[in-house]
Amino acid sequence: MEPLQAVEQWDLVRQLKTSFVAYPVVNAVHIAAIGALLTSVALLDLRILGAFGSLPERPFVMLLRRLALMAFCLAVLSGLALFSVRASYYGGMPVFLGKMGLIALAGATFALFAAIESDKQRRWSSLRRPLAVMSVVIWCTVLLCGRFIGFL
């Protein structure tokens with residue numbers, strides 16, 4: 001039995017798959033986490049692009065980063081649970097693999113933002129705006145990929 005098929009046979013996964021309540025709740029949690037993640041990322045990126053100029057940038061960014069990180073963790077956990085019920089099917093879908101690649105790219109973008117923010121000499125600060133645009137595009141594309149997964 002291949003590894004992804006084995007995941008589908010775990011007791012907890014089978015219970016999730018057959019539960020009248022659990023699967024819809026996990027799905028709803030996933031959707032709420034994605035909503036919180038995309039909202040916080042969009043607000044962060046808009047602030048970097050110049051919106052909300054009357055708000056102090058540092059506290060605004062720090063708050064939204066924490067929210068984005070918590071929402072991302074919740075989306076990953078709920079997403080793993082949703083993935084587990086049809087792991088062998090989802091694991092072979094190009095759109096799912098593309099989504100995972102885009103999430104990795106979004107993580108790299110986040111790491112680059114953090115590196116730019118810690119650069120005291122501000123050598124790379126000119127990259128903030130293009131990265132903010134790229135971040136919004138990546139996360140919206142992740143969202144679209146997720147919707148395609150649900151309908152294929």
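1. Helix H6 gives the most to the lining of the second largest pocket, contributing six residues. The model is a predicted one. In this pocket, H3, H4, H6 and H7 are the elements that each supply two or more lining residues.

2. The second largest pocket has a volume of about 350 Å³. Its lining consists of 18 residues, and those nearest the centre are Val41, Ala68, Ala106, Phe110 and Trp139. By class, the lining of this second largest pocket comprises 13 nonpolar, three polar and two charged residues.

3. The largest pocket holds about 750 Å³ of space. A set of 26 residues lines this pocket, with His30, Ile34, Gly79, Leu82 and Lys99 closest to its centre. Two or more lining residues come from each of helix H3 (22-48), helix H4 (57-84), helix H6 (94-118) and helix H7 (128-151).

4. Sorted by class, the lining of the largest pocket is made up of 19 nonpolar residues, five polar and two charged.

5. On the cysteines: the count of disulfides is zero. Cysteine 140 takes part in none, and the nearest cysteine sulfur, that of cysteine 145, lies 11 Å away.

Methods: Residues are numbered from 1 along each chain as its sequence is written. This is a predicted model: local features need pLDDT of at least 70, side-chain atom pairs count only at pLDDT 80 or more; totals for chains, interfaces and linings use all residues. Side-chain values use heavy atoms; hydrogens and water are left out. A disulfide is a pair of cysteine sulfur atoms within 2.5 Å. On a 1 Å grid over the protein atoms alone, a cavity is a set of points where a 1.4 Å probe fits but cannot get out, and a pocket is an open set with protein on both sides within 12 Å along at least five of seven lines; lining residues have an atom within 4 Å of a point. Grid points are joined across faces, edges and corners, and a volume is the space filled by probe spheres set on the points. Helices (H or I, at least four residues) and strands (E, at least two) are DSSP runs, numbered from the N terminus. Ala, Val, Leu, Ile, Met, Phe, Trp, Tyr, Cys and Pro count as nonpolar, Asp, Glu, Lys and Arg as charged, and the others, Gly among them, as polar.
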